[in-house]
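I opened a new notebook page for this one. Here is what I looked up, entry by entry.

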Amino acid sequence: MGVTVEVHQVYKYPFEQVVASFLRKYPNPMDKNVIAVKVMEEKRDESTGIIYRKRIAICQNVVPEILRKVNSFQNLVRVSILKVPNIQLEEESWLNPQERNMAIRSHCLTWTQYASMKEESIFRESVENPNWTEFIQRGRISITGAGFLNCILETFASTFLRQGAQKGIRIMEMLLKEQCGAPLAE
């Protein structure tokens with residue numbers, strides 16, 4: 001079945017400052033779930049100026065302990081995969097400084113035979129004000145192979161993603177305010 005989470009935010013800061021803050025956002029003491037972010041690849045297309053990055057985020061496993069300990073014989077093997085300490089996410093981004101936009105695609109590298117987690121995001125110059133930056137994110141999670149736990153895990157994941165998106169926006173606002181001062185006026 002699957003669940004979808006959508007987020008829309010306008011940062012009242014210029015595109016370049018928002019993107020720079022996004023790329024420095026993690027790890028951060030405000031979100032202890034993200035342990036590390038490693039840049040795996042970074043290159044610039046000389047003809048277009050687009051900067052491609054591939055990063056891997058190492059995150060704490062946030063699946064509640066109660067769900068990790070389900071002892072149903074039928075689901076024992078499947079649920080045991082939930083007991084990993086960390087989860088890895090791959091993020092690819094394409095920054096186009098000339099057009100002032102950055103597209104991002106992320107997906108989970110952990111649990112791929114049982115779960116699919118994908119996000120697509122974009123930062124772009126706001127249509128309301130060229131000095132502001134619009135952020136749009138759409139994420140989808142679907143879980144299979146966990147029997148009766150599929151729905152429970154999808155519900156948990158949906159709630160966690162919504163809360164995580166809001167926490168990420170608060171962190172971005174804090175970083176932007178620290179680095180750039182008060183938001184730009186309308």
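**Before the helix angles.** I take each helix axis as a line fitted to C-alpha atoms over the stretch in contact, and the angle runs from 0 to 180 degrees between N-to-C directions. I also keep in mind that the model is predicted.

**Helix on helix.** I looked up how H1 and H4 meet. Helix H1 covers residues 15-24 and helix H4 covers residues 149-180; they pack at an angle of about 120°, and their axes are 10 Å apart. I noted the crossing as right-handed. On the H1 side, the contact is made by Gln17, Val18, Ser21, Phe22 and Arg24. H4 brings Met172, Leu175, Leu176, Gln179 and Cys180. Sorted by type, the contact residues are six nonpolar, three polar and one charged.

**Overall layout.** I stepped back and went through the whole chain. I found four helices and seven strands, and along the sequence they run β-α-β-β-α-α-β-β-β-β-α. Of the 186 residues in the chain, 42% are buried. Then I checked how far the contacts reach: among those with a separation of 6 or more, 63% are between residues 24 or more positions apart.

**The core.** Which residues have the most contacts inside the largest nonpolar core? My list reads Tyr11, Val18, Met102, Phe123, Ile141 and Met172, in a core of 29 residues. S1 (3-11), H1, S4, S5 (101-108), S6 (115-125), S7 (133-143) and H4 each supply at least two residues of this core. H4 gives the most, with eight residues.

I then followed valine 18. Beyond its neighbours within four places in sequence, valine 18 is in contact with Tyr11, Tyr13, Phe123, Thr133, Met172 and Leu176. Met172 and Leu176 were already on my list for the H4 side of the helix contact.

Next I picked isoleucine 169, which is found in helix H4. Buried or exposed? Isoleucine 169 counts as buried because its relative accessibility is 7%, and the cut-off for buried is under 20%. Leaving out residues within four places in sequence, isoleucine 169 is in contact with Val7, Gln9 and Tyr11.

**Aromatic rings.** I searched for ring pairs and got three. Tyrosine 52 and tryptophan 94 form a tilted pair, 5.6 Å centre to centre with 50° between the planes. The two sit in distant parts of the chain, 42 residues apart: tyrosine 52 is in strand S3 (residues 51-60) and tryptophan 94 in strand S4 (residues 86-96). Tyrosine 52 is buried at 11% relative accessibility, while tryptophan 94 is partly exposed at 28%. Elsewhere, Phe22, Phe123 and Phe135 form one aromatic cluster.

**A buried glutamate.** I stayed on strand S4 for glutamate 90. Its relative accessibility is 14%, so glutamate 90 counts as buried. What does glutamate 90 contact beyond its neighbours within four places in sequence? I wrote down Lys54, Arg55, Ile56, Arg105, Ser106, His107 and Leu109.

**Loops and backbone.** I kept one general point in mind here: most residues other than glycine have a negative phi, and most peptide bonds are trans. Arginine 100 has a positive phi of about 55° and is not a glycine. I placed arginine 100 in the loop between S4 and S5, and it is buried at 16% relative accessible area. Then I found a cis peptide bond from tyrosine 26 to proline 27, with omega near -5°. Proline 27 lies in the loop between H1 and strand S2 (34-44).

My last stop was glycine 49, in the loop between S2 and S3. Glycine 49 is buried, at 8% relative accessibility. Not counting residues up to four places away in sequence, glycine 49 touches Arg44, Leu95 and Pro97. From glycine 49 to glutamine 98 I noted 7.5 Å, C-alpha to C-alpha, for two residues 49 apart in sequence.

Terms used:
Residues numbered from 1 in each chain as written. Predicted model: local features only at pLDDT ≥ 70, side-chain atom pairs only at ≥ 80, totals over all residues. Heavy atoms only, no water. Phe/Tyr/Trp six-rings, centres within 6.5 Å; stacked < 30°, edge-to-face > 60°. Buried < 20%, exposed > 50% of the residue type's maximum accessible area, 1.4 Å probe, protein only. Left-handed = near helix turned anticlockwise from the far one by under 90°. Contact = heavy atoms within 4.5 Å. Nonpolar A, V, L, I, M, F, W, Y, C, P; charged D, E, K, R; others polar. Core = buried A, V, L, I, M, F, W, Y, C linked by side-chain atoms within 4.5 Å.
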